[in-house]
Every structure is written in C-alpha cells, then in structure tokens.
Amino acid sequence: MTPLELVVGVLLLLGEFAVVLLLSPLLMGVIRRVKAHSQRRVGSPLLQPYRELRKLIAKDSLYAESASFVTRGAPWISFAALLCAVPFLPWFFLPSPLGFAGDLIVVVGLLALSRFMTALAALDAGSTFGGMGSTRDMWIGALAEPTFLLVIFAWGAPAGSTQASVIVAYGISLGAAYLSPALLIASAAFFLVLLAETGRLPVDNPATHLELTMVHEAMVLEYSGRDLALIEWGKAVKFTLLAGLFVSVLVPWGIAQSWGVVALVLGLVLLLVKLLGTSWAIGQFETRVAKWRLFRLADLSTLAAALALGSIVLTYLVGVGP
Amino acid sequence: MALELCAAVVLLAAWLSLVHRRLEAQIYLYATQSAAIAGIAFLVSILYATPLLAVTGGLIVGLNVVVIPWLLRRILRDLRIPPEINMLVSVRMSALAGLGCLLLSVAVIGPLTPLAEIPAAGLLPIAVTVVLIGLFTTATRRKAFSQVLGILGMENGVFLAGIALTYGLGLLLELGIAANLFVLAIVSRLFLHRMKDTFDTVDADVLRSLEG
Amino acid sequence: MADPSWALLLLLVPAAAAGIALIAPSRRGANATAVAGAAVSLVLVFAIVDQILTSGALTVGPGGFLYVDALSGLLLLLLSLVGLASILYSVDYLGRATSPHALPLPRLRQYYAFVLLFLFTMFLVGEANNLGLLWIALEGTTLVSALLVGFYHTPRSIEASWKYLILCTVGLIFALFGTLLLYLADVSAVGSSGASLDWTALIREAPHLDPGIMRLALVFLFLGYGTKAGFAPLHTWLPDAHSEAPTPVSALLSAGLLKCAIYALLRVDAITLRMPNFTFSTWLFLSFGVVSVVLAAFFILIQRDLKRLLAYHSVEHMGIISLGIGFGGVLGLFGALFHMVNHAATKATLFLAGGDLASAAGTKDLEEISGALTALPGTGAVLFIGGLALAGVPPFSVFASEFLILTAGFAGGAWIAAVILLVALAIVFGGLLLHLSRALLGPTPTRGFSRERGPVIGTALGLGILLPIVIGLGVFLPTPFAALLHDAVQVVIG
C-alpha cells in the first residue's frame, strides 16, 4: 500500500464517519416528515433534528443526586460503540475499512454494548422509569439479537462469509440473480429486527412519553443537555447503521468497488437515495401499524427468526438461493 | 429477478397471513399473493414464450385478485364477523409452523431429480410450502371463514406449482379450474350465511354434534 | 350404433334435465323430468356399453378430452343404475305432495336440479380422458353434493356439509397437485413439448416415467382421492355426510361418489402398473385397505345410528375394494371391480330401504327400533336380504366378489392383509347381524310404526332395479356383464 493510498483510505474512512454522523439526524427528520404528511399534518421541518441537537448541545447536563459516574460515562461509551461499528459496514465503497478485522457479528456485539450501557445508566439513577425502561429494552434486545445473528447467517450463507463487504461484493458480482427468494425472506426478517433494534413502531413508539408504553424514552428520562444530545444522536446513528446495512445487502449495486472519483461519488449519491428511501418506507410503515403489547413482541421475533431460518433452509437444502 | 421477487412475495404473504390476526389483512394478503402469482404467470409467459400463460395470469387477476377478495369482504361485512381471528395455535407456534411447512416441502421436493427442461421448477418448494401453510391454516383456525381462506391459499399454491411446472395446462382446463374455484367461493358463502342464520356465529366450534 | 356421440349425449341429458327441472311448472313435471333424465341416461349407458363391447374404446369430443373404455363403461353403468333408483325413490320420498317428507315445489326443483347435476359431474368423471378434466369433474361432484348434503338446512346437516366441503376440497387440492406431478412425470418421459395429462398418452409413456416423481404424485393423489373415496383415516367426513343427507342422496354418495374416487385411483394405478419394478401404488392400496377395513369394523360394532352404520360399512367396503386392487392380478382386480358394482347396488338398496324404515319408525337409532319385519313386511324383507348380502352371506353377489378378492389375496401371497381382511369380515358380519336382527326380528314395537305411508311405486321400481343385482349376480353372471368386467380388468392390467 503506497502512502498515497493510505492517505486516501484514511480520508475515505473519515468520510464514512462524516456521512453517518451528518446524515443520521436528517433520516430522523425524513421519517417524522413522512409520518406527518401521511397523517395530514404539516409536520416539523426536515432539519428540525439538527436544531434540536444544537439546542441540547448548548445546554449543560444536570445529574440526579443519586447518580454515579456510570450516568456520566454511559452516553459516551454507548455513542462510541455505535461509531466503532461504522467501519465494519459497507457504505459507499468496498472493501469496508475494518472489514479485515471483524464481520457482522462484531457489529451485533457493538450494538449490544451500546444497549447495555444505556440500560445500565437507566438503572443507575434509581428512578422507577429507568428500571422499567431498561427491563423492557433488554427484553426486546433478547428477542432481537438472536434473530439478528440468524439473519446474518442467512445472508452470509450464499456468499460463504459473515463479512458485510464480502456479501455485498458477492451480490454485485452476481447481478440480478442475487435477488433470490431466500435473500428476500431473510431481508424481510431483518426489517423486523431493524424495527425492534431501533425502537420503531410496533415495538416502541419514539414519539410517546406515556409511562405505560415507552421503552427507550423511559431509559433516558433522567438525561438532559449535552448528554441527551449524545443519546438522541446515537439513536439516529444506530438507525443509520442498521438501515445502511439493510440497503447495502438488499440492493448492493452502486457501491464503489474502486477508489475512482466517479465511482465514489456515484456510490455516495446512491447511498443517500437508498437511505432516504428506507426512511420514507419506515415512515409509511409506522403510520400503518399500532404499537403492540410488549409480550406480543415475542410473536414478532418468532416470525422473524422463523423467516431467517426458512431462508437458510432455502439456501442450503434447495439451492434456491444464488 | 422479478420472478424471484414475486416468489418471495408469495411465500411471505402466506407466512404473514399465518400470523396475522385480522381477517381484513388476511384477505389483503391473499389478494397480494394472487397478484404475485399472476405476475409470475406473466413473466413466465414472456420468458419462455408461452402466450397462453398470459391468459392464465389474466384469469388469476380477475378471479383471485379482484372478485374473490371482493366476495370475501362482502361476507365479512354482511355476516358482521368479528375482525380478529381465534387461533387454536398461538401466533408464535404458527410462525414456526410456517418454517415446519417449508422444511417438510423441502424434504418432499428435495429428492426429485431436477429437470433441466423446466427452468422454473425451482419455484416448486415454495409452491408446496404455500399449500402446506394453507392446510395448516385450515386445520387450526376456529372460524369457518378462516378455513375458506386456508383453502384459497392452498389453491394459490397449486396454481403456482401449475405455472412453474406446466407453463399452462391449456385453456379449457384452466377455465374449468377457475370455474371450480369461483363456485367454491359462492358455495362457501352460501354455507357461511346458513351457518350464521342457524347458529348465529361462524365459529367452526359449534360444529361438534356429529361424532363417532 | 358405433357412434361416439352417445357419450356426449350422456353428458348433455342430465345437464339439460337439470335445467328443465329448475323451471318445471308442477311437482309432477319436476318428478317426470328427473325420472326421464335418469332413465334416458341409463338407456344411453347401455348403448355405450354395447358399443364398447363390440368395437372397443372410443375417443370422444374435441381435443381427445373424453375417452370411454370398458372401465368407464363399468362406472357409467353403476352410476346410471344407482342414479335411476335414487331418483325413483326420491319421487316417493320427497316428490309427491302426499309423502310425509314432501318438499315445497321451489325446493323440489332445486333438489332435482342438484341431483341431476351431481349425476352429470359423475358421468364426466367416468368419461374424462384428461386427468385434469377428471379432477375438475371430481371437484364438481364435491361442490354439488355439498349442497345436497346440506339440503335440509338443519344444524346437523349444515355441520355435515361444511365438514364435507372443507375436507374434500382440501383433499382434492392435494389431488390437483398430484395431477400436476403426473404432468411433470410425463415431461420426464417425453420432454416438455409433447407432454400432456391425457390418460391415453400417460399410459403409452408409462414405462419411461420417472419413478421418483411418480411416487410423490401417488402420495398426493392417494391423499386427495383417498379422502374422497372414504379411506380411513381420511374418512371422517363420510359418516356425517351420509347420515345427514336426504336418504336418496346418501345412496348416491355411497354407491356412486365413492366409486368415482376409486375409479380415479384405478386410472392412476393402471399407469403405474405399466412401470417396471414399481409397486408403490400396490403398497398404498393395501395399506389404505387394511386400515379402512380394521377401523371400520371397530366403528361398526359400536354404532347405533342406522345411517351412520351404513356409512361405516361403506368405509369397510371401500377398504375391501382397495385390498382387491392391491392384491392385483386378474383375479383381484376382477373381484374389486365386481365388488364396486355389488357394493353400489347393495348399499343403495340398504339406504333406500333403511330410509323407509327410519321414516316409519321416526328414528334412526337402532336401539329404539325393533320388530320391523312384522310391522313393515316389505321394507323389512328388503332390509333383511340387503343386510345379509352386505354381511357377505352366500349366495348374494357381495359374497361372490369378496370371495374372489380373498382368493386373490391368498393366491398372491399377501397373507397378512388377507388374514386381516378375513378377521375384519367376521367381526363386521357379527356386528351387522347383531344390529339388524334386533331391529328386524325383535319383539313387537311398543311405540309402533307410523302408518302414514305415501305411495311406494317409485320405491318398488327403484329397488326392483337394484335387488336383481344384489341377489342375481351372486349366482349368475350374464355374459355381456362378464365381458365388460373382463375388458375393464384388461384396461387396468393391460
């Protein structure tokens, strides 16, 4: 690797971080906007999430008297864990910068770490809401994570690897034949995982503070100011991570396989389009479903797990997969 | 690729209708599934130059996508059937049953020697899965209405198999099969009405007096 | 006479009669239409059978969709005989204004239209060459007969017809899938350009069919048509439907419809018998036969309801026929085909006479009926004869065919199945005699039988058609009938 390549590589890596960090609030804004539109409301402007973040960052954090260092440190660790996952995923070019060091299972682990820190912080202050929220969130995590792993295996089975960039490169090389029923079914399962992991309807309602139903909001009720900004931003980043993974695997075409300028720009633009499309679809989906009772979520995750397993069956036993 | 997409839609629709509790949504899923099957028929007719199959696709669109869902919605409305279904088997078990159906169908179809002459035969395991899921629905749902939906789902699976294997059986046979399906829908509607008049419910639970 | 249009006419006549019956101006008109439709059909069948015996099989109609050979002839003969008998009985039972069960005119029109349509679909089963068409016809019989089973709109009949509709439709969907697999098998033999579902083509290609696909196809076809044929354990709809349907319809179901399903399986069997080293269908026939015979024997012992008792007898006899086909060889198949006719006639006789008894006694519960032979000498005597015949007492025809089947079993070396059949026959014999002797011979009834009886001319005529078969064929096989049976066996074995 020449020094020039190294510099370009580092720049591209930074570019990935920049894209994820800067784009994620916009995606939240899009979802809100789509939901508002389909509910015949005007809705807040697309850039509202950025303004909220700016407002929160400008404010000081307040801590409960009973809070320990955990409360102060958790948002940072949680956010950092999410950022660490970025270079393991394919965004607008291949191979992923840290692809050699870890596969999608690492991503699952990092997401779990982030979830764990948030739950820990929620318990730290000792408020009732925090305890409630963290139990609920861990329950959802316990349901979603095994299914996430199954989906990774289902996706990886045809390519023979659980590494995101290998799967994507395999998809690009196969062309249209890549879109087998097995892949589509696994992706449907992943869509359910995505909803659960990012706290969208019908798993969690991000727009409610109703004590009976809120999950994520209950956990972060104690936070304010800069810390809250970090948590909100982290939530957006997590959504971007999973949505990015979803679109990259489902529609891998357009991701740059070389470091040419045209290919990179094209990959970037297409990534934007894919992510905005996913956000639009999620917004549409959310207006059509109601929040489910917590214990019915097990039904949802069972369905997702069954679909993922079905996809593996199709790939291995029938060869219907590519 | 579009073929695979349609096949995935067919399978997903069957699987989702297995876990969905609302009858209205199940009718919608049935219509979606039928549309995907019609799509497969059109695609196969183009890809393998079998123009008659387009007629089949048209038949499916007319009957399974438009007429039968309309009829089912009317039944739902006229009989004031409660919108949520009663399950003998929980949603969770149903979702897993879908997986079981897939495994069974793979076990059944797997040993067949692949036929090079029929490229679309790869759709066969999915068709069998849809048939089995329909069978499971028919067997485990308490509402007579759901049993009809299960049977319609089974028919859809067989249609898919027919399209994948035969590229169309000939117009006369297809018209006959379609006519049978239509009459089946009408006859079921008649019986559901009678059931409602007689028992004031369409739960198949009341049908328990004949034993032994 | 050598004109294939007879076969087309045979489809047209019941269909047209059904249309006419729907607009019949009076009860008399409706009755006459139905009887005429069935009688003309019978005459046409005689013409067709004569034609088959003299000049062999005929391909009829456009595209070779219809094909009539000796096997079809046998089924058509059986169907038209039972059809005419049931319709004659219906005239007395439901048709005349004076009869105790008389239907109002609009309902009567519907009834006859459905029965004639039912006959039409069953005739179509017998004449179909294309196996897809065969499936369509059989599904047609389900739809029409479901309406007939639920004809009375009582809670129990609605339950029976719903179960019947759902179970048989589910079964038939499996059968359709099996039929598609047959097509796939034909593709494996001749390639996709020449493949078809015509039975005549399949039988020609039989030696080259892929055994793996055929095995799978057979599983689905047996599940499907086996449900319809009432093989245990797929028979659960059968007692319900038979006991709740109007009596003449019960007779048609048991004597006609079940045979149509067996006929469909025979057609498939004929194909597989021509495949080298392929005994899977034989194995299926034997297993379904044994299970049916054993389960039915058990249920017959504990059954109290007259019509349900007869229904379980149907399960048993379908098992016997299935065993006969499974034992195979000329002897076994001859016995099985012969038994199809005998069972149809005997069972129809029993349903018709039993319906008479039940309506006179006001109950179908055998524990509550006794002394029928003295109270109703005519009906009682017919029941007595029919009961003995059904139990397999010589010299009646059922005995003759059962004897042939058993002989085929022992001669063919299928010892276990043959012994099981023998034991089951003994149990059933005891059970049937126990039930019937109490009802017929017991002490004079305390509650008494209803004396309000309508005219019985139609019943007498109907039974007059059936009884000669029940009694006569046991001792004397007319030459043309023997020839037809023999040709039918050749159709299957080849």
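The expected span of a helix is taken as 1.5 Å times one less than its number of residues. In the predicted model described here, helix α5 of chain A, residues 128–159, comprises 32 residues and extends 47 Å from its first C-alpha to its last, which is close to the 46 Å expected at 1.5 Å a residue. This helix is followed by Gly160(A), for which phi is positive, near 75°. In chain B, helix α5 (residues 124–140) has 17 residues that should span 24 Å at 1.5 Å a residue, and its end C-alpha atoms are 24 Å apart, in agreement with that expectation. Of the 17 residues of α5(B), 14 are buried, so this helix is largely enclosed by the rest of the structure.

Two pairs of chains are in contact, and of these chains B and C share the most contacts. The contact between them takes 40 residues from chain C and 37 residues from chain B. On the side of chain C that touches chain B, at least two residues are supplied by each of α5 (131–149), α6 and α8 (211–229) of chain C, and α6(C) gives the most, with 20 residues. By class, the residues on this side of chain C divide into 23 nonpolar, 11 polar and six charged.

In the contact between chains A and B, 20 residues of chain A meet 22 residues of chain B. The elements of chain A that give two or more residues to the side touching chain B are α7 (181–197) and α11 (297–318), and the largest share, 11 residues, comes from α11(A). This side of chain A is made up of 16 nonpolar residues, three polar residues and one charged residue. Chains A and C, by comparison, are joined by no contact, and their closest C-alpha atoms lie 16 Å apart.

The largest nonpolar core holds 395 residues, of which Val151(A), Ala189(A), Ala308(A), Val10(B), Ile40(B), Leu160(B) and Leu116(C) touch the most other members. The helix that gives the most to this core is α6 of chain C (residues 155–190), with 22 residues. For Ile40(B), when residues up to four places away in sequence are not counted, the residues touched are Leu3(B), Cys6(B), Ala7(B), Leu160(B) and Ile163(B).

Within chain C, the packing of helix α15 (residues 377–391) with helix α18 (residues 457–475) was examined, and the axes of these helices come within 11 Å and cross at roughly 35°. The crossing of α15(C) and α18(C) is left-handed. From α15(C), Val382(C), Ile385(C), Gly386(C) and Ala389(C) meet Leu463(C), Val470(C) and Ile471(C) of α18(C), and this contact has six nonpolar residues, one polar residue and no charged residues.

A further site in chain C is Ala296(C), which is placed in helix α11 (residues 280–302). A residue is counted as buried if 20 or more other C-beta atoms lie within 10 Å of its own; Ala296(C) has 30 other C-beta atoms within 10 Å and is therefore buried. Leaving aside neighbours within four places in sequence, Ala296(C) is in contact with Ala232(C), Tyr312(C), Val315(C), Glu316(C) and Gly319(C). Ala296(C) and His313(C), which are 17 residues apart in sequence, are separated by 6.8 Å in space, C-alpha to C-alpha.

Conventions:
Residues are numbered from 1 along each chain as its sequence is written. Chains are lettered from A and ligands numbered from 1 in the order in which they are written. This is a predicted model: local features need pLDDT of at least 70, side-chain atom pairs count only at pLDDT 80 or more; totals for chains, interfaces and linings use all residues. Two residues are in contact if their C-beta atoms, placed from the backbone, lie within 7 Å. Helices (H or I, at least four residues) and strands (E, at least two) are DSSP runs, numbered from the N terminus. Ala, Val, Leu, Ile, Met, Phe, Trp, Tyr, Cys and Pro count as nonpolar, Asp, Glu, Lys and Arg as charged, and the others, Gly among them, as polar. A nonpolar core is a set of buried Ala, Val, Leu, Ile, Met, Phe, Trp, Tyr and Cys residues joined through C-beta atoms within 7 Å. A residue is buried if 20 or more other C-beta atoms lie within 10 Å of its own, exposed if 12 or fewer, and partly exposed in between; C-beta atoms are placed from the backbone. Axes are lines fitted to C-alpha atoms, for helices over the stretch in contact, and angles run from 0 to 180 degrees between N-to-C directions. A crossing is left-handed if the near helix is turned anticlockwise from the far one by less than a right angle, and right-handed if clockwise.
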